[in-house]
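I opened this model to look up a few local details and then the overall fold. My notes follow in the order I took them.

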Amino acid sequence: MLENPSATITRTIDARGSYCPGPLMDLIRAIREGSIGDVIAVLSSDSGSKIDIPKWVEKAGHRLVGITTTDGHDEIVVEKLR
């Protein structure tokens, strides 16, 4: 469920079919390449992503916008804060 449904996604990473730590590493790369305020959606079919990505987001000082599950995958949306 999205915390801020009006957040505009600026980049989508399709990591479906990739296994841990692939989706997280793709997100970290996107965060490094992005600008403050970017909203990144990670599409992941790896169930560990729902645990690993939010933990990393909190530790790294960014914001978890929300997580939704549809059609056998999760959409994890993150906002770059720093």
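The scale I used calls a residue buried under 20% relative accessible area, exposed over 50% and partly exposed in between, with a 1.4 Å probe and protein chains only. Arg16 sits in the loop between E1 and H1. Helices here are DSSP runs of H or I with at least four residues, strands are runs of E with at least two, and both are numbered from the N terminus.

I then listed what Arg16 touches, not counting residues up to four places away in sequence: Leu43, Ser44, Ser45 and His73. Contact means heavy atoms within 4.5 Å. His73 is 57 residues from Arg16 along the chain, yet their C-alpha atoms are separated by 7.1 Å.

**What I am working with**

This is a predicted model; local features need pLDDT of at least 70, side-chain atom pairs count only at pLDDT 80 or more, and totals for chains, interfaces and linings use all residues. Residues are numbered from 1 along each chain as its sequence is written, and side-chain values use heavy atoms, with hydrogens and water left out.

Most residues other than glycine have a negative phi, and most peptide bonds are trans. I noted one exception of each kind.

The peptide bond from Cys20 to Pro21 is cis, with omega near 5°. Pro21 is in the loop between strand E1 (11–14) and H1.

Asp71 is not a glycine, but its phi is positive, about 50°. I placed Asp71 in the loop between strand E3 (63–70) and strand E4 (73–79). Asp71 counts as exposed because its relative accessible area is 78%.

**The helix pair**

How do H1 and H2 pack? Helix H1 (residues 22–33) and helix H2 (residues 49–60) meet at an angle of about 30°, and their axes are 10 Å apart. The axes are lines fitted to C-alpha atoms, for helices over the stretch in contact, and angles run from 0 to 180 degrees between N-to-C directions. H1 and H2 are therefore roughly parallel to each other; angles under 35 degrees count as roughly parallel, over 145 as roughly antiparallel, 65 to 115 as roughly perpendicular and the rest as oblique.

I wrote down the residues in this contact. H1 gives Pro23, Leu24, Leu27, Ile28 and Ile31, and H2 gives Ser49, Ile53, Trp56 and Val57. By class, the contact of H1 with H2 has eight nonpolar residues, one polar and no charged ones. Ala, Val, Leu, Ile, Met, Phe, Trp, Tyr, Cys and Pro count as nonpolar, Asp, Glu, Lys and Arg as charged, and the others, Gly among them, as polar.

**Strand E4 and the whole chain**

Glu75 lies in strand E4. Leaving aside neighbours within four places in sequence, Glu75 is in contact with residues including Ile9, Ala41, Leu43 and Ile67. The C-alpha atoms of Glu75 and Arg32 are separated by 20 Å.

I finished with the fold. The protein chain has two helices and four strands, and from the N terminus on they run β-α-β-α-β-β. The C-alpha atoms fill a box of roughly 30 × 25 × 20 Å, taken along the principal axes. Buried residues make up 40% of the 82 residues. Among contacts between residues at least 6 apart in sequence, 65% join residues at least 24 apart.
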